[in-house]
Amino acid sequence: MPTLIKMHQGRAALANDPFTSVADDESLPPGDVIISLTRFQSEGDRLLSEGRAVGVRVEAGEEIEVLAYDLPRLAVVALAFPKFRDGRHYSNARLLRERYSFTGEVRAVGDVLREQALFMFRCGVDAFEPADGSNAEQWEAATRRYSHVYQRAADGRTPAFAERREA
Amino acid sequence: MYQYDSIDKAFVADRAAEFRGQVSRRLAGEITEDQFKPIRLMNGLYLQLHAYMLRIAIPYGTLNSAKLRKLAFIARTYDKGYGHFTTRTNLQLHWIKLKDAPEILDHLAEVGMHSMQTSGNVIRNITADPYAGATSDELDDPRVWSEAIRQWSTLHPEFSFLPRKFKIAVGAAVKDRAATRVYDIGLALRRGREGELGFEVMVGGGLGRTPYLGSTIREFLPTRHLLSYLQAILRVYNRHGRRDNIWKARIKVLVASLGAEEFARQVEEEWGKTDPATVDLPNEELARIRASFATELEVLPPGSKRVEARKASDPAFARFLRHNVRPHKAPGYAIVDVSLKTPGETPGDMTSEQMDVVAELGKRFSKDEIRVNYQQNLLLPHVKLDDVPEVYEALAAAGLATPNMELITDIIACPGLDYCTLANARAIPIAQQIALRFADPARAEEIGELPIKISGCINACGHHHVGAIGILGVDKKGEEFYQVTLGGTPENDAALGQILGPALPAAKVAEAIEQMVEVYLRERKDGERFLDTYRRTGAAPFKEAVYADAN
């Protein structure tokens with residue numbers, strides 16, 4: 001099972017993963033699951049009616065908008081990074097948090113490296129399955145490396161221009 | 001000019017510290033070259049043909065003496081005593097050792113400089129009109145907006161993993177001196193009906209393998225909404241730009257495939273869903289940035305007796321005045337161009353000693369300001385006319401007073417095969433051969449404005465598509481050939497050059513330029529530039545002259 005690191009109030013910690021991530025050709029185990037968007041569209045209602053917590057895995061090329069109406073029912077949106085260079089999910093993460101006010105877990109899975117930690121965290125991702133073996137301590141250090149930021153984003157951090165105004 | 005405050009300073013220091021850790025992990029073998037590559041590219045460190053190349057950002061081409069002196073020091077201490085200014089107004093050092101890179105970043109951070117976002121699929125260093133704050137035809141100071149973009153785009157969390165590199169240029173005057181039509185986003189300041197300021201927003205221009213001129217997607221964007229509008233453009237591009245093919249990943253391909261109108265519609269839709277107030281800079285911050293660019297200029301009488309006297313007695317000085325000294329918005333002042341194009345030298349190269357000379361001149365005579373332009377030259381934006389003779393002498397003594405701005409020897413050239421792993425052919429020796437052939441300044445002056453631009457490969461770092469004469473190096477079975485294009489320009493009447501005919505061998509290029517110049521001198525009518533004559537006559541007479549032997 002991959003390592004799961006979760007951010008809570010700006011701190012990163014190793015977390016137990018109550019979810020089983022299920023591929024489309026696998027049979028569904030009992031309990032909480034993360035399934036593909038396609039599978040969610042055909043089986044989501046049934047799974048939710050069974051009282052399970054459900055997460056949806058969104059591929060980089062899939063439009064986050066199609067989930068808009070289902071978001072309040074979802075526990076997790078897992079954003080799958082096929083390559084660390086594929087940055088589409090940074091926009092998707094911000095849209096989830098800022099446009100759709102999604103309050104569940106936004107998890108980064110796939111080619112997830114600690115060099116991306118700060119960018120992901122700032123876009124609203126709060127759970128990570130790192131592919132580079134990095135631990136929670138390293139992950140947190142990566143998110144805290146800069147004492148200032150220049151832009152507003154989904155993490156609510158005060159940007160430089162607002163710091164200057166307060167000073 | 002804008003001075004880094006404690007926040008900006010902490011930012012570049014944090015960045016340098018981060019990279020120091022990453023380099024030590026690499027040198028200790030804890031990470032492989034494959035894993036390290038994207039990290040070093042985020043810091044402008046390339047592995048070139050012979051050594052590491054460090055590309056240092058010079059945001060909107062603005063330097064002061066401390067910064068230029070620091071660049072001189074770094075080139076002297078960690079490289080071979082010279083650096084290369086590029087068409088993106090970056091400084092490249094071509095002989096860097098990996099172990100020295102963190103120390104160099106520390107040095108840069110001391111003067112508020114860095115090499116962030118000079119590489120990688122991010123919003124790159126911003127370029128702008130180099131005459132900012134000095135020219136009477138500007139509508140507003142483009143540095144205010146360029147600095148706003150610099151801050152907003154620096155380690156932008158959403159836009160640091162774009163489909164491809166992303167370049168923005170800001171023009172601010174009636175005359176386009178920032179090549180805004182050939183960038184991913186070109187911004188040109190305009191005045192609205194009520195006199196208010198806004199930007200014409202052009203998207204999807206770019207050179208390289210498939211050159212395009214940018215399309216206007218908005219005629220007038222109120223300046224205060226610049227950043228939120230940029231966010232909308234970048235978001236549409238980040239989500240919908242192609243990622244399957246590196247050659248089709250630039251925004252120009254997205255704009256071309258959707259059509260500019262549909263692309264504009266998507267941007268407007270995205271922008272409409274955003275609250276601009278969450279992105280745009282507040283007025284206080286814009287005012288703070290604006291104030292930092294204010295330059296105190298003394299009230300002086302127009303003209304200078306000293307300059308007039310020298311001009312009358314010294315033809316060389318008179319020539320320098322004609323070509324390298326431009327009018328300033330304030331009476332009694334001038335903008336002085338510093339040529340890095342002495343015939344026989346490498347275009348854009350500058351030694352540490354020369355950098356120190358220009359730093360000193362900037363400090364003493366130009367309100368501590370020095371600019372870099374995309375033609376790979378420097379300039380001193382605020383020189384008192386009375387001081388021009390002294391500045392001229394110092395420049396001449398340092399080999400920096402070649403009176404050739406926009407003339408045939410003011411050639412843009414990328415580093416080409418002499419340095420670059422991507423290149424197919426050499427660019428520097430071709431530029432040198434052409435410049436030497438036209439080294440007589442009287443002849444160059446007679447020929448007049450004739451920008452030649454040379455690229456060593458299709459990536460077009462030398463802007464060959466927008467040269468009145470463009471030269472592109474190509475590889476044919478291991479031999480270097482050069483394709484000639486005519487009729488390009490990146491200015492207000494932007495146009496891409498057309499291929500003249502079959503590529504020429506290296507030995508034939510300078511001669512072909514000579515033959516085309518002969519045609520031009522024969523055909524031109526009063527006051528026509530080479531470009532005008534070409535537009536009037538078409539390619540036929542030029543083609544005939546160059547390929548006559550072949551038939």
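Which residues does Ile185(B) touch, not counting residues up to four places away in sequence?

**Entry 1. Conventions**

I worked from a predicted model, in which local features need pLDDT of at least 70, side-chain atom pairs count only at pLDDT 80 or more, and totals for chains, interfaces and linings use all residues. Residues are numbered from 1 along each chain as its sequence is written, chains are lettered from A and ligands numbered from 1 in the order in which they are written, and side-chain values use heavy atoms, with hydrogens and water left out.

**Entry 2. Ile185(B) and the cores**

I looked up the contacts of Ile185(B), counting heavy atoms within 4.5 Å as contact. Ile185(B) touches Phe166(B), Lys167(B), Ile168(B), Ala169(B), Val201(B), Met202(B), Val203(B), Leu230(B), Ile233(B) and Leu234(B), not counting residues up to four places away in sequence.

I then turned to the nonpolar cores. A nonpolar core is a set of buried Ala, Val, Leu, Ile, Met, Phe, Trp, Tyr and Cys residues joined through side-chain atoms within 4.5 Å. Buried stands for under 20% relative accessible area, exposed for over 50%, and partly exposed for values in between (1.4 Å probe, protein chains only). The largest nonpolar core has 98 residues, and Val77(A), Ile149(B), Ile185(B), Val201(B), Ile233(B) and Phe263(B) have the most contacts inside it. The element that gives the most to this core is α6(B), with nine residues. Another core, of 57 residues, lies apart from it and has Leu54(B), Ile96(B), Leu108(B) and Leu385(B) among its members. In soluble globular proteins, nonpolar side chains tend to be buried together.

**Entry 3. Helix α8(B)**

The expected span of a helix is 1.5 Å times one less than its number of residues. For the 13 residues of α8(B), residues 260-272, that gives 18 Å, and the end C-alpha atoms are 18 Å apart, which agrees.

Which residues of α8(B) are buried? I found Phe263(B), Ala264(B), Gln266(B), Val267(B), Glu270(B) and Trp271(B) to be buried. They cover an arc of only 160 degrees around the axis, which puts them on the same side of α8(B); the arc is that of the directions from the helix axis to the C-beta atoms. Glu261(B) and Gly272(B), on the other side of α8(B), are exposed. The buried residues of α8(B) pack against α2 (88-99) of chain A and, in chain B, against β9 (197-203), β10 (215-222), α6 (226-240) and α7 (251-258).

**Entry 4. The interface**

I looked up the contact between the chains, which takes 42 residues from chain B and 34 residues from chain A. About 3500 Å² is buried between chain B and chain A, and carbon and sulfur atoms give 55% of it. Buried area is the accessible area (1.4 Å probe) that two parts lose on being put together, summed over both. Pro157(B), Phe161(B) and Arg239(B) lose the most area on the chain B side, together 23% of what that side buries.

I counted a salt bridge where a side-chain nitrogen of Lys or Arg is within 4 Å of a carboxyl oxygen of Asp or Glu. There are 11 salt bridges between chain B and chain A. One pair that I looked up is Arg164(A) with Glu285(B), at 2.8 Å, N to O.

**Entry 5. Salt bridges within a chain**

How many salt bridges does the whole structure hold over all chains? The search finds 79. Arg73(A) forms one with Asp45(A), with the closest N and O atoms 2.9 Å apart. This pair links distant parts of the chain, 28 residues apart: Arg73(A) is in the loop between β5 (54-58) and β6 (76-81) of chain A, and Asp45(A) is in helix α1 (residues 37-49). Arg73(A) is partly exposed because its relative accessible area is 38%; Asp45(A), at 53%, counts as exposed.

**Entry 6. Positive phi**

Most residues other than glycine have a negative phi, and most peptide bonds are trans. I noted Gln117(B), with phi near 60 degrees, in the loop between α4 (101-110) and β6 (127-128) of chain B. At 7% relative accessibility, Gln117(B) counts as buried. Ala179(B) has phi near 55 degrees and sits in the loop between β7 (168-171) and β8 (185-191) of chain B. Ala179(B) is at 0% relative accessibility and therefore counts as buried.

Methods
Helices (H or I, at least four residues) and strands (E, at least two) are DSSP runs, numbered from the N terminus.
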